[in-house]
Amino acid sequence: MIDTAAPAQADARPQSLSDLFFTFNRMSLQGFGGVLAVAQRELVERERWMTREQFVETLAVSQVLPGPNIVNMSLMIGDRHFGLRGAFAALAGMLLVPLVIVLALTALYAEFASHPMVSGALRGMGAVAAGLVISTALKLSTTLRKGAMGLGLGIGFAALTFVAVALLRWPLVWLLGGLGPIAVATAWYRLGR
Amino acid sequence: MTGLASALSASDLAALFAQFLLLSLLAVGGAITTAPEMHRFVVNQHGWITDAQFTASVAIAQAAPGPNVLFVAVIGWNVAGPLGALATMSGILLPSTALSLWATRWGHARRETRGVRAFTAGMAPLTLGLLLATGWVLAGPAAGHPGSMALVAATVLVMLRTQLSPIWAVAMGAVVGAAGWA
């Protein structure tokens, strides 16, 4: 994997509440089929507010918590820099403008839906969205090398998760409740050595 | 699709709000994981929208920019207009937002402890596996369509090798798809 512009340390931070709002707004508006891929690029590679490791850690916590991952992440990042006001600035940036757009689309949908060019474009965008998520996962996999688990165990747990969710279609709760404690206990043991 | 006037009584709106408050706390892994339960409530139990409207709500939100959770607002809008969107969106966000803020502060204050470090280090590989699984599931509809599969592969390659912004990849996908090649 090539390291394209991933900082070893987060060397920047949001300057103000409006900086938070507009950064999350820009991210959200680029996020077709999910915002996570764009978030990784904007927060880690472009703004350099966090390292890949910090991004994965924040994502891990927001995945365990209920609620939309990317919304939880925006709350956490906003809160870390500007407290409650930061959390809501990031949340508003993430949701407000896209909400207006999606509701406008809802009103127009009936006219668009059956047009073959529109359904073709949606299929093409869907395929790209899948590729974006896969490439984000591969980029972030470089963080396994630095994890407390060690590279081998990290790859092992990631592979088990992939098989359970993608191929066996386990419900997420089983995975987090079953494999999660084993992974955390392993990390606990290795951190103590 | 419902117009601007709410089709629901105040007590129905309150029930809608309460249902989504509850779903918020069950939505581990994202709001989409509770879609089957939402479907049962608004389509089967109450008959507020049709099955086709429900599926279209999810599709619209995925085609639009922004977090996927916005499909919840579209469902609310289709059930009861703007008030419905307000009821479902605030319902799905309030509990998880409060919990996230509390958890992030609790964890951040203890981030150097062995427990918190073990938690984040232990969950990180699962997070990566989940992300890859999400990509795999999203790529499902592309299987069997050579053009779509080529788009998935080309996107992965371009994103790993270049600094191109994802928005251009999405635009290319739309053009290729609209031309009928996907």
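Start by picking out α7(B) and colouring its buried residues: B:Pro166, B:Ala169, B:Val170, B:Gly173, B:Ala174, B:Val176, B:Gly177 and B:Ala178. Keep in mind that what you're looking at is a predicted model. The helix runs over residues 166-178 of chain B, 13 residues in total, and covers 18 Å from its first C-alpha to its last, close to the 18 Å expected at 1.5 Å a residue. What do its buried residues pack against? Show α1, α2 and α5 of chain A, plus α6 (146-161) of chain B, and you have the partners.

**Chain A as a whole**

Chain A has 7 helices and 0 strands, so a plain α-α-α-α-α-α-α is how its elements read from the N terminus on. Its C-alpha trace spans about 60 × 45 × 35 Å along the principal axes. Of its 193 residues, 55% count as buried. Among contacts between residues at least 6 apart in sequence, 61% join residues at least 24 apart.

Colour by confidence next. The mean pLDDT of chain A is 88, and 95% of the residues score at least 70. Confidence is highest in α1(A), at 95, and lowest in α5(A), at a mean of 87.

**Domains, chain by chain**

Colour chain A by its domain assignment: domain 1 takes 7-109 + 122-146, and domain 2 takes 147-193. Their centres, taken over C-alpha atoms, are 24 Å apart. To see where they meet, look for 5 residues of domain 1 in contact with 6 residues of domain 2. The domain 1 side of that contact has 2 nonpolar, 1 polar and 2 charged residues.

Zoom in on α2(A). Is it mostly covered or mostly open? It's mostly covered, with 9 of its 11 residues buried. Among the buried ones are A:Gln40, A:Arg41 and A:Glu42, as well as A:Leu36 and A:Leu43.

Step past the end of the helix to A:Arg48, in the loop between α2 and α3 of chain A. Its phi is positive, about 55°, although it is not a glycine. That's worth a click, as most residues other than glycine have a negative phi. A:Arg48 counts as partly exposed because 17 other C-beta atoms lie within 10 Å.

There's another one to find: A:Arg169, in the loop between α6 and α7 of chain A. A:Arg169 also has a positive phi of about 55° without being a glycine. This arginine is exposed, with 9 other C-beta atoms within 10 Å.

Select B:Thr97, in helix α4 (residues 70-109) of chain B. Why does it count as buried? Because 21 other C-beta atoms lie within 10 Å, and the cut-off is 20 or more. Leaving aside neighbours within four places in sequence, B:Thr97 is in contact with A:Gly67 and A:Leu75. Then draw a distance from B:Thr97 to B:Ser24: 9.2 Å from C-alpha to C-alpha, for residues 73 apart in sequence.

Finish in the largest nonpolar core, which has 119 residues. Show A:Val133, B:Leu70 and B:Val72, the members that touch the most others. Centre on B:Val72 and, beyond four places away in sequence, you'll see it touch B:Phe20, B:Ala31, B:Thr88, B:Met89 and B:Ile92.

Key
Residues numbered from 1 in each chain as written. Chains lettered and ligands numbered in written order. Predicted model: local features only at pLDDT ≥ 70, side-chain atom pairs only at ≥ 80, totals over all residues. Core = buried A, V, L, I, M, F, W, Y, C linked by C-beta atoms within 7 Å. Buried ≥ 20, exposed ≤ 12 C-beta atoms within 10 Å, placed from the backbone. Contact = placed C-beta atoms within 7 Å. pLDDT = per-residue confidence, 0-100. Helix = DSSP H or I, 4+ residues; strand = E, 2+ residues; numbered from the N terminus. Domains from an automatic or database assignment. Nonpolar A, V, L, I, M, F, W, Y, C, P; charged D, E, K, R; others polar. Expected span 1.5 Å × (residues − 1).
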